[in-house]
Amino acid sequence: MPEPTPSPVPDWLGWLPPRLVALDVEATGLSAGDRMVSVGAVALATASLAAGRPEIVCHHLVVDPGRPSHPAALAVHGYDDWLLRHQDPAALHLPALAQVLAGADLVVAHNAAFDLGLLNREMALAGLPPVAPRVYCTMEAYRRRGEKGRAALDAVCRRIGLARSGARHGALEDAWLALRAYLWLQACPVAVARPELAAPSNLRPVPPRPEGPLPPRG
(Lines give C-alpha, C1' and ligand atoms only; values in the text may rest on other atoms or scores of the structure.)
Protein backbone atom coordinates (compact mmCIF):
# COMPACT_ATOMS: atom_id res chain seq x y z
CA MET A 1 0.00 0.00 0.00
CA PRO A 2 1.53 3.37 -0.95
CA GLU A 3 2.29 5.74 1.91
CA PRO A 4 -0.07 8.74 2.19
CA THR A 5 1.19 11.92 0.61
CA PRO A 6 2.04 14.48 3.29
CA SER A 7 -0.07 17.61 3.28
CA PRO A 8 1.70 20.57 1.65
CA VAL A 9 2.97 23.26 3.99
CA PRO A 10 0.77 26.37 3.70
CA ASP A 11 2.53 29.38 2.18
CA TRP A 12 1.94 31.51 5.27
CA LEU A 13 3.52 28.88 7.54
CA GLY A 14 6.68 28.86 5.47
CA TRP A 15 7.66 32.36 6.56
CA LEU A 16 6.85 31.97 10.25
CA PRO A 17 9.67 31.15 12.69
CA PRO A 18 9.48 27.72 14.38
CA ARG A 19 9.02 29.21 17.86
CA LEU A 20 7.96 32.72 18.67
CA VAL A 21 7.25 34.47 21.94
CA ALA A 22 4.89 37.44 22.21
CA LEU A 23 5.80 39.77 25.07
CA ASP A 24 4.17 42.61 26.98
CA VAL A 25 5.52 44.59 29.93
CA GLU A 26 3.50 46.90 32.19
CA ALA A 27 5.36 49.61 34.09
CA THR A 28 5.08 52.30 36.75
CA GLY A 29 5.17 54.94 34.01
CA LEU A 30 6.81 55.93 30.76
CA SER A 31 9.95 57.75 31.89
CA ALA A 32 13.51 56.40 31.86
CA GLY A 33 13.39 55.91 35.64
CA ASP A 34 10.21 53.85 35.69
CA ARG A 35 10.22 50.17 36.59
CA MET A 36 8.53 46.95 35.54
CA VAL A 37 5.31 45.97 37.29
CA SER A 38 4.17 42.90 35.36
CA VAL A 39 5.17 40.88 32.34
CA GLY A 40 3.29 38.47 30.12
CA ALA A 41 4.70 36.13 27.50
CA VAL A 42 2.92 33.73 25.15
CA ALA A 43 5.15 31.14 23.46
CA LEU A 44 3.81 29.53 20.29
CA ALA A 45 5.11 26.51 18.38
CA THR A 46 4.08 27.68 14.92
CA ALA A 47 4.04 24.22 13.36
CA SER A 48 0.96 23.52 15.47
CA LEU A 49 -0.94 26.16 13.49
CA ALA A 50 -1.01 23.89 10.43
CA ALA A 51 -3.09 21.35 12.33
CA GLY A 52 -5.47 24.08 13.52
CA ARG A 53 -4.63 23.36 17.17
CA PRO A 54 -2.18 26.07 18.26
CA GLU A 55 0.15 25.02 21.08
CA ILE A 56 0.91 27.90 23.41
CA VAL A 57 2.63 28.22 26.78
CA CYS A 58 1.90 31.28 28.91
CA HIS A 59 4.07 33.07 31.43
CA HIS A 60 2.55 35.77 33.66
CA LEU A 61 4.41 37.50 36.49
CA VAL A 62 3.94 40.47 38.79
CA VAL A 63 6.90 42.09 40.58
CA ASP A 64 7.68 44.79 43.11
CA PRO A 65 8.96 47.79 41.14
CA GLY A 66 10.38 49.42 44.26
CA ARG A 67 8.38 52.60 43.71
CA PRO A 68 4.75 53.69 43.33
CA SER A 69 3.18 53.87 39.90
CA HIS A 70 2.29 57.12 38.22
CA PRO A 71 -1.50 57.60 38.57
CA ALA A 72 -2.00 57.26 34.80
CA ALA A 73 -0.01 54.00 34.77
CA LEU A 74 -1.92 52.70 37.80
CA ALA A 75 -5.17 53.34 35.95
CA VAL A 76 -3.84 51.18 33.09
CA HIS A 77 -2.46 48.14 34.91
CA GLY A 78 -4.46 48.28 38.17
CA TYR A 79 -1.76 47.08 40.61
CA ASP A 80 -1.63 49.49 43.55
CA ASP A 81 1.48 50.14 45.61
CA TRP A 82 0.24 48.18 48.62
CA LEU A 83 -0.10 45.00 46.55
CA LEU A 84 3.14 45.53 44.66
CA ARG A 85 5.32 46.13 47.71
CA HIS A 86 4.43 42.62 48.90
CA GLN A 87 5.58 40.93 45.68
CA ASP A 88 8.92 39.44 44.63
CA PRO A 89 11.61 41.74 43.23
CA ALA A 90 12.01 41.44 39.47
CA ALA A 91 15.57 40.12 39.83
CA LEU A 92 14.21 36.88 41.29
CA HIS A 93 12.42 35.99 38.04
CA LEU A 94 14.56 37.63 35.36
CA PRO A 95 16.88 34.65 34.71
CA ALA A 96 13.93 32.37 33.94
CA LEU A 97 12.31 35.03 31.76
CA ALA A 98 15.56 35.56 29.87
CA GLN A 99 15.69 31.81 29.22
CA VAL A 100 12.17 31.86 27.76
CA LEU A 101 13.17 34.65 25.37
CA ALA A 102 16.49 33.00 24.50
CA GLY A 103 14.58 29.93 23.30
CA ALA A 104 12.56 31.96 20.81
CA ASP A 105 13.39 32.36 17.15
CA LEU A 106 11.48 35.64 17.22
CA VAL A 107 10.14 37.87 19.99
CA VAL A 108 7.01 39.85 19.10
CA ALA A 109 5.84 42.95 20.96
CA HIS A 110 3.67 45.98 20.27
CA ASN A 111 5.98 48.98 20.73
CA ALA A 112 8.89 46.59 21.13
CA ALA A 113 11.39 49.37 21.82
CA PHE A 114 9.56 50.18 25.06
CA ASP A 115 9.06 46.60 26.23
CA LEU A 116 12.58 45.37 25.47
CA GLY A 117 14.13 48.62 26.64
CA LEU A 118 12.37 48.40 29.99
CA LEU A 119 13.19 44.72 30.36
CA ASN A 120 16.87 45.33 29.67
CA ARG A 121 16.95 48.19 32.20
CA GLU A 122 15.69 45.67 34.75
CA MET A 123 18.33 43.17 33.64
CA ALA A 124 21.04 45.80 34.12
CA LEU A 125 19.74 46.71 37.59
CA ALA A 126 19.87 43.03 38.51
CA GLY A 127 23.44 42.72 37.26
CA LEU A 128 22.42 40.48 34.37
CA PRO A 129 23.35 40.75 30.68
CA PRO A 130 20.77 42.24 28.31
CA VAL A 131 18.48 40.01 26.31
CA ALA A 132 19.05 40.45 22.59
CA PRO A 133 16.51 38.34 20.69
CA ARG A 134 15.42 38.88 17.11
CA VAL A 135 12.49 41.25 17.55
CA TYR A 136 9.40 42.07 15.50
CA CYS A 137 7.41 45.18 16.45
CA THR A 138 3.77 44.87 15.45
CA MET A 139 3.23 48.62 15.89
CA GLU A 140 5.96 49.48 13.37
CA ALA A 141 4.80 46.75 10.99
CA TYR A 142 1.22 48.03 11.15
CA ARG A 143 2.42 51.52 10.25
CA ARG A 144 4.51 50.17 7.36
CA ARG A 145 1.34 48.65 5.90
CA GLY A 146 0.04 52.18 5.46
CA GLU A 147 -2.96 51.64 7.72
CA LYS A 148 -4.75 54.88 8.52
CA GLY A 149 -5.31 56.21 12.02
CA ARG A 150 -3.60 55.33 15.28
CA ALA A 151 -1.28 52.35 15.65
CA ALA A 152 -1.80 51.72 19.38
CA LEU A 153 -2.60 48.13 20.29
CA ASP A 154 -6.27 48.82 20.97
CA ALA A 155 -6.60 50.48 17.54
CA VAL A 156 -4.94 47.54 15.80
CA CYS A 157 -7.22 45.16 17.69
CA ARG A 158 -10.30 47.04 16.47
CA ARG A 159 -8.95 46.75 12.93
CA ILE A 160 -8.73 42.95 13.20
CA GLY A 161 -11.92 42.45 15.21
CA LEU A 162 -10.46 41.89 18.68
CA ALA A 163 -10.78 43.67 22.01
CA ARG A 164 -9.54 43.40 25.56
CA SER A 165 -11.77 41.60 28.02
CA GLY A 166 -11.88 44.72 30.22
CA ALA A 167 -10.63 48.28 30.49
CA ARG A 168 -7.35 47.37 32.20
CA HIS A 169 -4.21 46.38 30.29
CA GLY A 170 -3.15 42.97 31.58
CA ALA A 171 0.34 41.95 30.46
CA LEU A 172 -0.70 38.41 29.52
CA GLU A 173 -3.73 39.50 27.52
CA ASP A 174 -1.73 42.21 25.74
CA ALA A 175 0.96 39.67 24.86
CA TRP A 176 -1.75 37.47 23.33
CA LEU A 177 -3.17 40.46 21.43
CA ALA A 178 0.30 41.25 20.08
CA LEU A 179 0.57 37.62 18.97
CA ARG A 180 -2.77 37.83 17.19
CA ALA A 181 -1.69 41.10 15.52
CA TYR A 182 1.53 39.47 14.33
CA LEU A 183 -0.27 36.45 12.85
CA TRP A 184 -2.74 38.77 11.10
CA LEU A 185 0.14 40.78 9.66
CA GLN A 186 1.62 37.49 8.36
CA ALA A 187 -1.70 36.50 6.72
CA CYS A 188 -2.06 33.49 9.01
CA PRO A 189 -5.70 32.31 8.88
CA VAL A 190 -5.56 30.30 12.14
CA ALA A 191 -6.86 32.03 15.28
CA VAL A 192 -5.08 31.45 18.58
CA ALA A 193 -7.76 31.40 21.28
CA ARG A 194 -7.49 33.82 24.18
CA PRO A 195 -5.67 32.01 27.01
CA GLU A 196 -7.12 31.76 30.49
CA LEU A 197 -6.40 35.17 32.00
CA ALA A 198 -5.51 33.93 35.45
CA ALA A 199 -3.68 36.02 38.02
CA PRO A 200 0.12 36.05 37.75
CA SER A 201 1.55 32.69 38.77
CA ASN A 202 3.80 34.26 41.42
CA LEU A 203 1.20 36.58 42.99
CA ARG A 204 1.70 36.67 46.75
CA PRO A 205 -1.18 37.19 49.21
CA VAL A 206 -1.41 40.71 50.57
CA PRO A 207 -2.19 41.67 54.19
CA PRO A 208 -5.12 43.98 54.88
CA ARG A 209 -4.45 47.49 53.66
CA PRO A 210 -3.93 49.96 56.55
CA GLU A 211 -6.26 52.89 56.88
CA GLY A 212 -5.08 56.25 55.69
CA PRO A 213 -1.90 56.94 53.69
CA LEU A 214 0.41 54.02 53.14
CA PRO A 215 3.53 53.90 55.34
CA PRO A 216 6.76 54.80 53.52
CA ARG A 217 8.56 52.01 51.70
CA GLY A 218 11.43 50.52 53.66
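**Strand β4 and its surroundings in the predicted model**

In strand β4, Val 107 is the bridge partner of Val 21. Strand β1, spanning residues 19-27, is joined to β4 by 3 bridges, and the two strands run parallel. Another pair in this region places Ala 22 opposite Val 108 of β4. Val 108 also stands opposite Tyr 136 in β5. Strand β5 covers residues 135-137 and runs parallel to β4, with 3 bridges between them.

These pairings belong to a wider arrangement. The open sheet is formed by 5 strands in the order β3-β2-β1-β4-β5, and its pairing is mixed. Because β3 (55-62) and β5 each have a single partner strand, they stand at the edges, and one side of each is left without a neighbour in the sheet. From one strand to the next, the twist averages 20°.

How do the side chains of β4 point? In a regular strand, side chains alternate between the two faces of the sheet. Within β4 (residues 106-109), Leu 106 and Val 108 point one way, while Val 107 and Ala 109 point the other way. Both sets are buried, as all four of these residues are.

Helices lie across this sheet. Helix α5 lies across β1, β2 (36-45), β3 and β4, and runs at about 140° to β1. Helix α9, residues 171-185, lies across β1, β2, β3, β4 and β5, with a direction at about 40° to β2.

Helix α5 also packs against another helix. Two packed helices are described by the angle between their axes and the distance between the axes. For α5 (residues 94-102) and α6 (residues 112-125), the axes come within 11 Å and cross at roughly 135°. The two helices are therefore oblique to each other. The crossing of α5 and α6 is left-handed. On the α5 side, the contact is made by Leu 94, Leu 97, Ala 98 and Leu 101, and on the α6 side by Leu 119, Glu 122 and Met 123. Sorted by class, the contact of α5 with α6 has 6 nonpolar residues, no polar residues and 1 charged residue.

Backbone angles draw attention to two further positions. Most residues other than glycine have a negative phi. Asn 111, however, has a positive phi near 65°. Asn 111 is in the loop between β4 and α6. With a relative accessible area of 30%, Asn 111 is partly exposed. Ala 187 likewise has a positive phi, near 60°, and is in the segment after α9.

The segment after α9 also holds Arg 217. Its relative accessibility is 26%, so Arg 217 counts as partly exposed. What does Arg 217 contact, leaving aside its neighbours within four places in sequence? The partners are Asp 64, Pro 65, Gly 66, Arg 67, Pro 68, Asp 81, Leu 84 and Arg 85.

Terms used. Residues numbered from 1 in each chain as written. Predicted model: local features only at pLDDT ≥ 70, side-chain atom pairs only at ≥ 80, totals over all residues. Heavy atoms only, no water. Axes fitted to C-alpha atoms, helices over the stretch in contact; angles between N-to-C directions. Helix = DSSP H or I, 4+ residues; strand = E, 2+ residues; numbered from the N terminus. Parallel < 35°, antiparallel > 145°, perpendicular 65-115°, else oblique. Left-handed = near helix turned anticlockwise from the far one by under 90°. Contact = heavy atoms within 4.5 Å. Nonpolar A, V, L, I, M, F, W, Y, C, P; charged D, E, K, R; others polar. Buried < 20%, exposed > 50% of the residue type's maximum accessible area, 1.4 Å probe, protein only. Pairing = 2+ DSSP bridges.
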